[in-house]
Amino acid sequence: MKKRHLFTPGPVDVPPEVLAAMAEPLIHHRAPDFIPYFKAANEGLKYVFQTRNPVLTFAGSGTAAMEAAVVNTLSPGDRAITVEGGKFGERWTEQCRAYGVEPIVLEVEWGTAISCERIMETLRANPDVKAVFLTLTETSTGVLTDVETICQAIAETDAISVVDAISALGAERCLTDPWQIDIVVAGSQKALMLPPGLAFASISPKAQALVAKSKCPKYYLSFEKALKAFAKDDTPFTPGVSHIRALCVAAKMIRDEGIENVWARHARLGRALREAAVAMGLKVFAKNPSNVVTAIEVPAAIDGEKITKILRDKHGVTIAGGQEQLKGKVFRIATLGWANDLDVVAVIGALDMTLAEMGHSFERGAGLAAAVRALSA
Ligand SMILES: *Cc1c(COP(=O)(O)O)cnc(C)c1O
């Protein structure tokens, strides 16, 4: 098999020690053997989330935690604010509508971030709004939103803040408690360096008060059931035993590196990618770019979908194309989780070869030089 490199915003390359934990013989989840793993995983999650609140784990992809956040805090007819500046912001709107919650949709131009002023104006004009749904790093556009400022402002109101940090958690700064975020949701297959299959949600006391009143239908994703079990180091249903054992290893890797260092590493990689792109005559799509995923505009004369195909088939490098209105217009490179300096050099090297093959006119090697310079700074 060809040597492969994943530069996608999930799934990501998983470190060998995490894969090895996935391959351990199964243990039973309702036996004393499992409890230390479950406790260690939960402590690890609290560290990565930077919270003292419970972080619940569900077997499912990240979207399961998003859905859980909607159905456990709201009731049909409730109003909520959603922000649409990309595919994942739209998901909040769709999930609200699916359960009879009425979203007030704030549209922002793709590639830009919502301002705190707009959220707060809308909240003041609609004081019955129960929840504000945000996206820390909008993976479809590569945009970073200032949820720190926004969530601290929301904390002064009766509404709760809910942040999709599925691609951001463990890569981009996200301080759940200091920023007063009521619910942060995440998934296993991004910066947490695990295979897909776990969804996470942290829940503040303010959010728990809404949980008690929420009337949206739910069963498997019930926070009430999960919180009750969590208090006894247990889960209401069979947990992803192997994933949770692997999570213990991944969380320990993050703790050993130190979360501040993990964020700084992602910042260095993101900056190097952006500088390399500019040096190759390319343009970064996002006005306020995240370090998680870099969306790069496809040059006018080039077939965007062919870039990803050549990278994959010729170089074993998987990046992501554009989604929805950005299909064929951008390509996205993620440096998430177990990514290091030389990964950036590898992907920029492969991109140099691919763009040259496709006839893009640029100074060969300039991207590599810029990347190496940024990485050595
Ligand atoms: C990946 C991603 C999701 C979806 O997660 P799934 O695990 O595919 O359900 C949601 N939001 C953001 C920002 C993401 O990057």
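I took the centres of domain 1 and domain 2 over C-alpha atoms and found 28 Å between them. Their contact (heavy atoms within 4.5 Å) takes 27 residues from domain 1 and 34 residues from domain 2. The assignment gives domain 1 as 5–9 + 258–376 and domain 2 as 16–257; such bounds come from an automatic or database domain assignment.

I note that this is a predicted model, where local features need pLDDT of at least 70, side-chain atom pairs count only at pLDDT 80 or more, and totals for chains, interfaces and linings use all residues. Residues are numbered from 1 along each chain as its sequence is written, and side-chain values use heavy atoms, with hydrogens and water left out.

Next I looked up the largest pocket. Residues of both domain 1 and domain 2 line the largest pocket, so it lies between them. Its lining has 15 residues, and Arg-265, Gly-337, Trp-338, Ala-339 and Asn-340 lie nearest its centre. A pocket here is an open set of points on a 1 Å grid over the protein atoms alone, where a 1.4 Å probe fits, with protein on both sides within 12 Å along at least five of seven lines; lining residues have an atom within 4 Å of a point. The elements giving two or more residues to this lining are α9 and α10; helices are DSSP runs of H or I, at least four residues, numbered from the N terminus.

Last, I checked helix α2, residues 35–49. Its 15 residues reach 21 Å from first C-alpha to last. Buried residues (under 20% relative accessible area, 1.4 Å probe, protein chains only) in α2 include Phe-38, Leu-45 and Phe-49. Gln-50 follows α2 and has a positive phi, near 55°.

Note on methods. Expected span 1.5 Å × (residues − 1). Buried < 20%, exposed > 50% of the residue type's maximum accessible area, 1.4 Å probe, protein only.
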